[in-house]
Amino acid sequence: MKIAPSLLAADFSKLKSETKRAEKAGGDWLHLDIMDGHFVPNISFGPDVVKTLRPESKMFFDVHLMCSRPEILLEPFAQAGADQIIIHAELNEKVPDLIWKIRELNLKVGLAVNPPTAPTAAETYLNKIDLLLVMTVNPGFGGQSFMEECLPKIQQVWEWRQSRGLGYRIEVDGGIDTKTAIECSRMGADTFVSGTGLFKKRDMKKAISRMRDGVEKNRRRN
Ligand code: DX5
Ligand code: ZN
């Protein structure tokens with residue numbers, strides 16, 4: 001399992017030390033939310049910010065592009081030090097090319113599905129991706145409530161992984177704290193993004209180890 005603190009909930013006036021705080025607290029991955037003010041109604045930060053943070057940490061950089069034109073951002077984020085780039089299945093006919101381009105850059109490939117999107121939107125790509133992100137809020141903002149109605153989707157993509165003998169990770173993102181991480185883990189999630197649930201805690205180390213214990217005890221086996 002992996003725990004990925006989401007920098008969107010960090011103190012933006014000190015992103016370097018916040019990055020270090022996440023690493024020292026035991027975060028496995030750093031989740032970086034990129035919003036373009038078009039695909040989602042908010043703007044976050046771009047490749048130059050990610051580049052500034054890269055030397056500060058050895059964490060795996062999980063870059064989540066909530067952007068209408070990710071094709072113009074793949075190379076800049078690769079150069080900035082991304083380890084994985086996640087694009088959205090809602091981009092429809094653009095998806096095959098984007099997957100190919102991310103691979104070409106030698107990065108891991110993630111594909112995300114929003115709450116209103118059926119998991120079948122990702123089905124044809126399952127053997128081409130390293131991670132499937134099941135969004136558990138409508139993307140755009142941190143601090144929203146977890147949407148329980150997304151749980152069956154996690155179950156579905158876990159079953160596909162089993163029956164097809166595939167190895168993609170199953171990530172959840174939005175409203176994740178220890179309680180909701182456990183619910184997702186029972187359905188088959190193995191990778192947990194959490195912004196508010198970790199960065200807003202005084203003791204992030206304690207929050208991460210609680211989440212890890214809870215998830216491990218409730219891991220789906222069959
Ligand atoms: C939502 C982003 C999330 C966000 C999660 O649009 O994709 O990664 O940072 O934040 P929390 O954990 O606060 O819901
Ligand atoms: Zn995200």
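This is a predicted model: local features need pLDDT of at least 70, side-chain atom pairs count only at pLDDT 80 or more; totals for chains, interfaces and linings use all residues.
**Exercise 1. Find which residues come nearest to ligand 1, and sort its shell by residue class.**

Solution. Start with the neighbours: a residue counts if one of its heavy atoms lies within 4 Å of the ligand. There are 20 residues around ligand 1, and Asp33, Gly140, Asp173, Gly195 and Thr196 come nearest. Next, sort the shell by class: seven residues are nonpolar, eleven polar and two charged. Finally, look at the strands. At least two shell residues come from each of β2 (29-35), β3 (60-66) and β8 (191-194), and β2 gives the most, with three residues.

**Exercise 2. Work out which protein atoms make polar contacts with oxygen atoms of ligand 1, and how much of the ligand is buried.**

Solution. Take N or O pairs within 3.5 Å. From the side chain of aspartate 33, a polar atom lies 2.7 Å from a ligand oxygen. The backbone contributes too: a backbone N or O atom of glycine 143 is 2.8 Å from an oxygen of ligand 1, and a polar backbone atom of glycine 195 is 2.7 Å from a ligand oxygen. Now turn to area: ligand 1 taken alone exposes 390 Å², and the protein buries 99% of that. As for its site, ligand 1 takes up the space of the largest pocket.

**Exercise 3. Locate the partner of lysine 16 in a salt bridge, and say where the two residues sit in the chain.**

Solution. Recall that side chains of opposite charge can pair when their charged atoms come close. The whole structure holds 14 salt bridges. In one of them, lysine 16 meets glutamate 56, at 3.7 Å from N to O. Then place the partners: lysine 16 belongs to helix α1 (residues 15-24), while glutamate 56 is in the loop between α2 (47-53) and β3. The pair thus links distant parts of the chain, 40 residues apart.

Methods: Residues are numbered from 1 along each chain as its sequence is written. Chains are lettered from A and ligands numbered from 1 in the order in which they are written. Side-chain values use heavy atoms; hydrogens and water are left out. A polar contact is a pair of N or O atoms within 3.5 Å; within protein, one must be able to donate a hydrogen and the other to accept it, and residues adjacent in sequence count only if both atoms are side-chain atoms. Accessible areas come from the Shrake-Rupley method with a 1.4 Å probe; for residues, only the protein chains shown count as cover. On a 1 Å grid over the protein atoms alone, a cavity is a set of points where a 1.4 Å probe fits but cannot get out, and a pocket is an open set with protein on both sides within 12 Å along at least five of seven lines; lining residues have an atom within 4 Å of a point. A molecule sits in a cavity or pocket if more than half of its atoms lie within 2 Å of its grid points. Helices (H or I, at least four residues) and strands (E, at least two) are DSSP runs, numbered from the N terminus. Ala, Val, Leu, Ile, Met, Phe, Trp, Tyr, Cys and Pro count as nonpolar, Asp, Glu, Lys and Arg as charged, and the others, Gly among them, as polar. A salt bridge is a side-chain nitrogen of Lys or Arg within 4 Å of a carboxyl oxygen of Asp or Glu.
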